[in-house]
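Please walk through the model below, with attention to its charged pairs and its nonpolar core.

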Amino acid sequence: MIKLAASSGTVIYEDDNKLYITKKPAQWTSTFLFVTGLLAFILLANGLLQLFVFKMQPHGVQTLGIILTAAGVLFALIFWRVIVYRKKLNSIPVNELKYICIIDLNNNTLLDEQQNILAPLEQVLLSRKMQITSSSPALILQWNKNALTLVQGNPFSGGIAAVEKILLSKGINRK
């Protein structure tokens with residue numbers, strides 16, 4: 001299988017003129033890494049400033065510096081462990097990932113994960129939908145009165161643009 005695109009935990013692979021749209025587990029890691037990394041940096045910077053720059057201040061400032069530095073180190077360790085966990089998840093082989101859907105370009109059909117026909121590609125439209133929980137839109141496939149969410153956009157893990165671009169280049173129509 002050839003990897004074509006990846007956005008916000010959704011990855012598109014191509015094999016035998018079929019597009020396999022898969023979802024990687026643990027999508028919370030992108031946002032979590034951003035928050036813990038930022039907290040680690042802020043706490044460590046303030047703790048070290050309290051310890052080494054403001055050392056002429058009263059004794060309470062050094063105690064605060066030690067506490068902030070310790071908290072910063074704790075968040076840095078959490079950040080590192082989540083990165084290790086994320087690398088483990090990224091090494092999962094394609095055949096073990098959960099398929100969202102399969103697009104058969106030879107037969108012009110949209111298939112579910114068990115390769116049952118959902119709709120002909122002429123009826124399938126690609127559209128964006130705003131999410132209340134994110135500043136990025138979600139990318140959905142719509143046909144008749146049905147819809148399938150492909151990508152729940154996340155600004156910390158690539159948005160939806162890469163997946164949308166590949167689907168449009170493969171002939172999926174935009175709404």
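**Salt bridges and core**

At 30% relative accessibility, Lys170 counts as partly exposed; buried means under 20% relative accessible area, exposed over 50%, and partly exposed in between (1.4 Å probe, protein chains only). The model is predicted: local features need pLDDT of at least 70 and side-chain atom pairs pLDDT 80 or more, while totals for chains, interfaces and linings use all residues. Residues are numbered from 1 along each chain as its sequence is written, and side-chain values use heavy atoms, without hydrogens and water.

The side chain of Lys170 meets that of Glu14 in a salt bridge (3.2 Å, N to O), defined as a side-chain nitrogen of Lys or Arg within 4 Å of a carboxyl oxygen of Asp or Glu. This pair links distant parts of the chain, 156 residues apart: Lys170 is in the loop between H3 and strand E10 (173-174), Glu14 in strand E2 (residues 10-15). Helices (H or I, at least four residues) and strands (E, at least two) are DSSP runs, numbered from the N terminus. Glu14 counts as buried, at 17% relative accessibility.

The structure holds 4 salt bridges. In another of them, Glu164 pairs with Arg128, with the closest N and O atoms 2.5 Å apart. Glu164 lies in helix H3 and Arg128 in strand E7 (residues 125-129), so parts 36 residues apart in sequence are tied together. Glu164 is buried, with a relative accessible area of 7%. Salt bridges with shared partners join Arg128, Glu164 and Arg174 into one network.

Of its 24 residues, Ile21, Ile103, Leu110, Leu141, Leu150 and Leu167 touch the most other members.

Note on methods. A nonpolar core is a set of buried Ala, Val, Leu, Ile, Met, Phe, Trp, Tyr and Cys residues joined through side-chain atoms within 4.5 Å.
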